[in-house]
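Student: Could we go through this model by question and answer, beginning with the sheet and ending with single residues?

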Amino acid sequence: MKPYVALLIAAALFFPAPPVPAIVAFGDSITVGYGARTRAAMWTDRLVLEVGPIENIAVAGSTVAAQLILIQAYAGPAQTALWMSCTNDLFAQTPVATYQATLRAGVLHLQQRRMAVYLGTCLGLKPYPTVPAGTPALH
């Protein structure tokens, strides 16, 4: 056996790969952690203590339209999506109908990937998106 192979095997045994996040977080500055006095006060970091690793790809200052682009491009392994959005669209004066349609498109995209979706928003989304039977629910 070549020396570098033994070194690679030893490294794999002593330094295992970090766990793959089963959850991905989309959103704006609130999801990034804006407003939290400490990292331990960030809602995503507090949730990590309960559920394990979360892949946080939120972007401070983003609107729901920008978040939809991230959602459509996401190719990671997560099976659950957390999406918190609203404030920047209020400041940008995004029309409510546009906001709702964009949220609906993002939720449906995630559900078509067979992901459970947890949505936090300050604007209503009714009627709720409908998807084929057996698709994870919107929470």
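Predicted model: local features only at pLDDT ≥ 70, side-chain atom pairs only at ≥ 80, totals over all residues.

Tutor: Residues are numbered from 1 along each chain as its sequence is written, and side-chain values use heavy atoms, with hydrogens and water left out.

Student: In what order do the four strands form the open sheet?

Tutor: Helices (H or I, at least four residues) and strands (E, at least two) are DSSP runs, numbered from the N terminus. Two strands pair if DSSP finds at least two bridges between them. The pairing here is parallel, and the edge strands, each paired on one side only, are S2 (54-56) and S4 (116-121). The order is S2-S1-S3-S4.

Student: Which residue of S4 is the bridge partner of methionine 84?

Tutor: Methionine 84 is found in strand S3. S3 (residues 80-85) pairs with S4 in the parallel sense over six bridges. In S4, the partner of methionine 84 is glycine 120.

Student: At what angle does helix H6 run to S4?

Tutor: Axes are lines fitted to C-alpha atoms, for helices over the stretch in contact (heavy atoms within 4.5 Å). Angles run from 0 to 180 degrees between N-to-C directions. Helix H3 (residues 43-51) lies across S1 (23-27), S2 and S3, at about 165° to S2. Helix H6 (residues 96-112) lies across S1, S3 and S4, and its angle to S4 is about 160°.

Student: Is aspartate 28 buried or exposed?

Tutor: Aspartate 28 is found in the loop between S1 and helix H2 (29-32). Leaving aside neighbours within four places in sequence, its contacts include Ala58, Gln67, Met84 and Asn88. Buried means under 20% relative accessible area, exposed over 50%, partly exposed in between (1.4 Å probe, protein chains only). At 3% relative accessibility, aspartate 28 is therefore buried.

Student: How does methionine 84 count by its relative accessibility?

Tutor: Its relative accessibility is 32%, so methionine 84 counts as partly exposed.

Student: How far apart in space are arginine 114 and glutamine 79, C-alpha to C-alpha?

Tutor: Arginine 114 lies in the loop between H6 and S4. With a relative accessible area of 51%, arginine 114 is exposed. Arginine 114 and glutamine 79 are 35 residues apart in sequence, and their C-alpha to C-alpha distance is 7.3 Å.
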